[in-house]
Amino acid sequence: MSKSGRPREFKDNAVIDAAMEVFWDNGYESCSTEALCNKTGLGRGSLYNAFGSKHELYEQALRRYHELGIQEQMEILEREVPVKDRLRALLEWQIRGDSRANNRGCLLINAAAERAKTDPAVERIFKEHVDLLEHAIEKAIIQGQEAGEITQDRKASELADMFLSSLYGLGVIYPATLNRSLAERIIEGTLSSLD
């Protein structure tokens with residue numbers, strides 16, 4: 001631990017990625033130090049020396065998940081294809097595959113549901129993610145309106161909020177049901193509302 005009382009910066013993303021998987025599987029409260037040690041390959045002393053606490057490691061895992069996720073989402077929204085194709089791709093990204101990862105849902109949504117009201121770090125990371133994504137969606141919708149792909153009868157900000165709600169709704173409904181046909185109806189309905 002540094003003299004300031006905060007854990008030193010840990011450079012090994014493989015350790016943070018391993019911890020992220022444990023938190024994703026178990027949530028914060030049900031995640032044991034033993035499980036974190038087993039998955040990361042670090043002993044208890046090394047784990048606490050590197051990160052200071054379970055919460056510090058959790059915060060770094062959430063930050064890493066946010067950074068990877070927002071990068072993927074931005075890449076989708078900035079593709080050189082029609083705007084509605086980008087928006088469809090983003091919705092489909094939310095339900096990609098019937099994999100174990102999808103069954104776990106979005107780590108940030110899970111974290112917000114579990115801890116955002118009591119954990120300022122979770123609230124801050126989740127809000128940052130939502131704000132960045134909302135801004136990028138609104139920018140894409142404005143481009144779609146200018147190109148005549150998306151209705152101009154409603155403000156871009158309203159359409160972005162509606163789209164974001166559908167996106168996060170899919171992030172909750174699909175992992176709980178793995179109902180592909182329901183997810184596809186939500187996607188089609190969301191995109192139709194932009195006409």
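**Close-up 1. The annotated segment, residues 32-51.** UniProt, in an unreviewed entry, places the feature "DNA-binding region" at residues 32-51; UniProt positions follow the numbering used here, feature names are shortened, and such annotations may be inferred rather than shown by experiment. The structure is a predicted model, in which local features need pLDDT of at least 70, side-chain atom pairs count only at pLDDT 80 or more, and totals for chains, interfaces and linings use all residues. Residues are numbered from 1 along each chain as its sequence is written, and side-chain values use heavy atoms, with hydrogens and water left out. Over residues 32-51 the chain is 80% helix and 0% strand, with the end C-alpha atoms 15 Å apart. Helices (H or I, at least four residues) and strands (E, at least two) are DSSP runs, numbered from the N terminus.

**Close-up 2. The packing of helix α1 against helix α4.** Helix α1 (residues 13-26) and helix α4 (residues 54-77) pack with their axes 9 Å apart, at an angle of about 95°. Axes are lines fitted to C-alpha atoms, for helices over the stretch in contact, and angles run from 0 to 180 degrees between N-to-C directions. The two helices α1 and α4 are therefore roughly perpendicular (65 to 115 degrees). From α1, the residues N13, I16, D17, A19, M20, F23 and W24 meet K54, L57, Y58, Q60, A61, R64 and Y65 of α4 (contact means heavy atoms within 4.5 Å). The residues of this contact divide into nine nonpolar, two polar and three charged; Ala, Val, Leu, Ile, Met, Phe, Trp, Tyr, Cys and Pro count as nonpolar, Asp, Glu, Lys and Arg as charged, and the others, Gly among them, as polar.

Close-up 3. R64 lies in helix α4 and is buried, with a relative accessible area of 19%. Buried means under 20% relative accessible area, exposed over 50%, and partly exposed in between (1.4 Å probe, protein chains only). Leaving aside neighbours within four places in sequence, R64 is in contact with N13, I16 and D17.

**Close-up 4. The aromatic cluster of F23, Y28 and Y58.** F23, Y28 and Y58 form one aromatic cluster. Rings of Phe, Tyr and Trp (its six-membered ring) pair if their centres lie within 6.5 Å; by this rule the count comes to five aromatic pairs. The pair of F23 and Y28 is stacked, at 6.2 Å centre to centre and 15° between the planes (stacked: planes under 30 degrees apart). F23 is buried at a relative accessible area of 1%, and Y28 also counts as buried, at 11%.

Definitions and conventions
Angles under 35 degrees count as roughly parallel, over 145 as roughly antiparallel, 65 to 115 as roughly perpendicular and the rest as oblique. Rings of Phe, Tyr and Trp (its six-membered ring) pair if their centres lie within 6.5 Å; planes under 30 degrees apart count as stacked, over 60 as edge-to-face and the rest as tilted.
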